[in-house]
Structures are given as C-alpha cells and as structure tokens.
Amino acid sequence: MRLAQAVAQCVAEGGVLVAEAGTGVGKTYGYLLPALLSGRRTLVATATRNLQDQLATRDLPRLLAFLGVNRRVAPLKGRASYLCTQRLASARRDGHYLGDAELRHLAQVERWAHSTRSGDLAELPELDETSPLLPLITSTRDNCLGTRCAAWQGCHVNEARRRAMLADVVVINHHLFFADLQLRESGVAELLPSVQTVVFDEAHRLNDIGVQFMGRQFSTRQLRGLATELVNEGMRWARGFQPWPELASLLEQQARALDQCLGRDTPRAGVRLRWLGASPEGVAAGLWQQTELQLAAVLARVLEALQVVAETAPELRRLAERVDVLQQSWAGFMRPPSGRVVRWLELGRQARCMEAPLNIAEALVPLITADAQAGVRSWVFTSATLGLDESLSWFTGPAGLQGRATVLRVASPFDYRQQTCLHVPEGLPDAQDPDHASALAHWLVEPLRCLGGRTLVLATSLRALGELAQQLQHLMAGSGIDVLVQGQGSRRRLLERFRQGGGAGRPCVLLASGAFWEGVDVPGDALQMLVIDKLPFPVPDDPLVQARSQALRQQGLSPFEAYVLPETAMALKQGAGRLIRSETDRGVLVIADERLLQRSYGPQLLAALPDMPVLHGQLALMQALDALRQ
C-alpha cells in the first residue's frame, strides 16, 4: 500500500520516485495498479526478458481482468527476439552447411512460422538463447533491408512496433531503452514523447546495462558476420563483379589477427583488459598499430568494392552502409578517447573493443530535467536492492538522481528471524586461496546429503564455478543427488529441473554464477540452502572498476569505502535474496568466507543482509538442516 500510494502520487503530480521494495512487498502490482488506474499511457522497462514476458503475458492480463479495465498491452523487444522471414528463407536456401541438430530446429521454426502471429521466438522454448540458429533467422540493424525488403509488409518487428504505438501500456527492456537513445532505431524514442509514466523495474541493473550502450563498440563477431554476408550476398547479386570470397577471407583473417594480437589463445577469456594508452594492456604498441592499419585498409577495400555494385540490389546497398558504420567505429578506436569515458577490451566468445561513460547520468538527466521543466511525465525506478542508506545513493548517484527524486524504502514483510539463519563455515582456506573452491566442495558433501540436495550454490567467478562443479560431480557420484551446472543446458531448463527437485525422480543441487545471482525465483522446498562461495567484491583489475575508483580518488574519497564496499554489499544482498521467496519458505544462508565475521568491514556487509540469527559451528548447522527436512 505504501508503495502503491507513492507511485500514485508520482503519477498524478509528475516527477521522479526511487523506491526500494524488499522481497515479498508485491512490487509489481504496487506500481502496475496505480499506473493502470490513472488511465495514463505507461512504459514499463525491465532488466530481463523473463520479467518482460511475465508482465506482458501474466501479470498485466491478470490485473486488468481483476480491475475490469480495458487497456491495450504490447511487449516490444529488440530485433534479435523476432523471427525474420526473409532471413529464414535465406537459411533454408543456404542451409547445406548446417548440422543435423540445426536442420531439425530449422524445420521446427518453419512449421511455427506459419502459425505465429507475433513472431516472438520466446514462443519456442526448445530454441534456447545459445542456439547457433538464432543469428541466421533474426535480423540486426546492420543487415535489415528496411523498406527494400520483400517481406517488409508482414515484418514481425514492424508489427510489434505498430502494436506498441497503439498500446496504452508498453513493456520493453532496459537494453532496448538505451540502445534506442543512441540509435533512434527501435521506435522507443518515437514512443517516449507520448508516454506519461515511465517505470523501470529491476532498476539496480540500469547503470551496468546503460553504459554498455552509451559509447562505441567493435567486435570480431561483427567482422565474421560481415564476411558471411559479403560472400552470400555478393555471389548472389553480383557474382563476377568483385572477388567476394577473397574479400570475405580477408575479413576472416583480420578477425583472427585481432584474436591473436589480443592473446585469446591464453586462458583469459571472459575478462576485461584495460586500454589506457595507445594499445590495450599486454599488447605491444607496434603490433597493435600494425593490426589497426591493416584492418582499416581491409575495411576500406571492402567498402570500395561494395560501392561499385551497391545499386544492383538492396542487400548490397545495406552491406555498404554497414561497412561504412564499422569503418567509422574502428576509426574512433584508432584515436585517443575523449571526455569522461573508459575504454577496455572484453575477451569471451568474441573480442570486443568497448568505450563507455562511467555512469548513465548524462543520458538520464537531460530527459528528466526537460520533463521537470514541462511537468509532463512521471519516472518511477524500483527494485528490491537500490542502496544501503536512506537516500539510496548507490543507485541515485550514478543515475544522476540525487536531489532530483523522492526516495522511498519499503522493507520486506518476511520474518527472516523465524524463516532463515546464517552460517559461516569455519576452517576453510582463505577465500583468496586457490584451494578454497576445492575445500568448499568437500565441505558441502555432508550438508547436501543431510538436506537431500535442495541447494543453490552461487559462485563469484567462472573459475570457482568450474572447480566446484568438477569436485562436486565426483564427490556426489552415487549419492542419488544430481549436480546441475550452469552452462550444461540452457538457463530455463536448468531452473525448471531445479524447481522440480526430487519430483523429477532425483534430488538435485544447482551450481551457478553470473545471471543466476538475480531473477531466480524458486519458492517452496526445492531451495532450502543457499551457498555463496565468497564475498562478491568487484574484480579489482576490471577497467570500469579502476576508472570509477580513480574518479573517486580525484574527489578526495576512498574508493573502497565509497564504491567497492557498497558494490559488494549490494551484490551480496541480491544473491541472498534468492533464498526466501514466500511467507512459508524456510532455509539456511551459507556464506563460505570468514572475512564476513573477522574483518572490520564485516558489520557493514552484515547490515545489508536481512536480520537473521547466526549459527555457530557445524553441529548447529546440521541440526538446522535436519529440522528443514521435517
């Protein structure tokens, strides 16, 4: 009620509301109810597509039916979420290089394509987010032909945008919002002036997502995708006019050269490398300059070849425009960065050059300031975790909202002292010791056997996750408990299996990292022990962490006190929130890092957690776990 009343006041009077609503408050209905009853056009943005789908297909229809209110609802996603019938036809035509599994999935997509109205690939749960088929049947801003496409009239992306323009409530995601602020390509910028209420749910993710879209980027995936399109479309529309296979091969060579230059054959994948000077960290300046110039020359040659035949077909004209944009982006990385930005390299499935501001304030403040002067719009930012102090400065600072927003904190209604307890194992190696993960795996065996699985283990790094998985799968062999591991199946399927628990035949434990720290909702007995391997401090050599720390030093502030400790507390709070999801849930939170109780900063981190009793000693833990089984 407190949340709904605050949102209703913000909607009626305009302005900005930042509201932290603890787990179990009913946050979703707390902002939807006043927004719907106001009769004002509303835009809701979520951090994840899972919540976006839940809002559009479950929560909004349910609430509208209950209220007896007739309001048109439309979800709007990015291009990669919708089937492109033009590219589906191309995949069918050129599918001789696909494997058997991809061909089976392609046949499923073709059957579904005849019946779907939305073209939203979320309707195909068997096609998970890692499928190599997805890039072949969806479009990007780079390869979309626009009005020159033969399938333009029935395009699912265009239909989704038309429905959004006519809807009273539009549900988007943070990625789309920020991408559109930069590119003005997805329809959100066109939609925003007519919207009177904007709600950002899962707002704790807003800054991290926003900075990814507010700078520039260049990746080896773009080069390889361009090489594939170049040979396919060049041979199709202008065979013999240019040496298309040779040009595509040159692009592939440049992608490989970039990989080799960055040392992606070393075990550094999944990390960010600083880029403070003329070349990235660990890359010889001379080698980098040579790579830069060679890639620029290849892009110039490809663009020249395409411009000669660009009027032959819309596909070739669009390819020429795409190469031109890539060339400009790469030229930007050949120059020193300007302004308050940080530049870095991301190494994972692709090598990606990134440049971004330190926070999202410069994007949000102009929008909100203009609204404040006109008094035409309400902005609501809400999440279960937005800060540690009454001003919620962890969120309002980077968003540029300090002094501009009304702040509300609504505590969780759950009785954590009765529903859960905290245990910190004793005698494990120091959390920074290489043997910590192995020792934790051995320590977990007895609690897992006692509880019969029903455990989610959250690792703070992929390296720790791999060590835990290897050890636990060996140690739990023959125990009757399945060990599920992130990456060994899609996120959706792993969570479905975990929620089933022993109902699927065998109890299980789930080991995960990254995205599983939030958005995981497993109420009931399937999850009764949550284990966090160590305190989730930011990676100290992450370029963004270092740049933000340096900015704080220049202001005379301690980076550890002002940034590192709050970031750790918020991540810990977010991860711990996976355990208790309803009034009847019970469970044990295990944080396998004795620094929580031994270091001077421990009380600040404990204060971020719900108030719960602490279990001391292995015997007390085993008694608590045994009680959970009753």
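Please keep in mind throughout that the model is predicted.

Let me begin with the sheet that has β3 at one edge. This is an open sheet of 7 strands, paired in parallel, and its order reads β3-β4-β2-β5-β10-β1-β11. The edge positions belong to β3, residues 73–75, and β11, residues 406–410; each has a single partner strand, so one side of each is left without a neighbour in the sheet. From one strand to the next, the twist averages 15°. As an example of the pairing, take β2, residues 42–46, and β4, residues 169–173, which are joined in the parallel sense over 5 bridges. Within that pair, Ala45 stands opposite Ile172 in β4.

I turn now to the other sheet. This too is an open sheet of 7 strands with parallel pairing, in the order β14-β15-β13-β16-β17-β12-β18. Which strands stand at the edges here? They are β14, residues 482–485, and β18, residues 614–615, and because each has a single partner strand, one side of each lacks a neighbour in the sheet. The partner of β14 is β15, residues 508–512; the two run parallel and are joined by 4 bridges. Here Leu484 stands opposite Leu510 in β15.

Two helices lying across this sheet deserve attention. Helix α18, residues 436–451, lies across β12, β13, β15, β16 and β17, and runs at about 165° to β16. Helix α22 lies across β13, β16 and β17, at about 155° to β16.

Helix α22 also has a helical partner. It covers residues 559–576 and packs with α21, residues 543–554, at an angle of about 150°, the axes being 9 Å apart. The crossing of these two helices is right-handed. Which residues meet there? From α21 come Val545, Arg548, Ser549, Leu552 and Arg553, and from α22 come Pro559, Ala562 and Tyr563. By class, this contact comprises 5 nonpolar, 1 polar and 2 charged residues.

Two of those residues lead us to the next topic, the second largest pocket. Ala562 and Tyr563, together with Trp394, Gly397 and Pro398, lie nearest the centre of this pocket, which is lined by 25 residues. The largest share, 4 residues, comes from α22. The space in the pocket is about 660 Å³.

How many cavities of 30 Å³ or more does the count give? The count comes to 1. The largest cavity has a volume of about 60 Å³. Its lining consists of Thr23, Tyr416, Thr420, Ala576, Gly577, Leu579, Ile580, Leu589, Pro610 and Met612. Sorted by class, that lining holds 7 nonpolar and 3 polar residues, with no charged ones.

Note on methods. Residues are numbered from 1 along each chain as its sequence is written. This is a predicted model: local features need pLDDT of at least 70, side-chain atom pairs count only at pLDDT 80 or more; totals for chains, interfaces and linings use all residues. Side-chain values use heavy atoms; hydrogens and water are left out. Axes are lines fitted to C-alpha atoms, for helices over the stretch in contact, and angles run from 0 to 180 degrees between N-to-C directions. A crossing is left-handed if the near helix is turned anticlockwise from the far one by less than a right angle, and right-handed if clockwise. Contact means heavy atoms within 4.5 Å. Ala, Val, Leu, Ile, Met, Phe, Trp, Tyr, Cys and Pro count as nonpolar, Asp, Glu, Lys and Arg as charged, and the others, Gly among them, as polar. On a 1 Å grid over the protein atoms alone, a cavity is a set of points where a 1.4 Å probe fits but cannot get out, and a pocket is an open set with protein on both sides within 12 Å along at least five of seven lines; lining residues have an atom within 4 Å of a point. Grid points are joined across faces, edges and corners, and a volume is the space filled by probe spheres set on the points. Two strands pair if DSSP finds at least two bridges between them.
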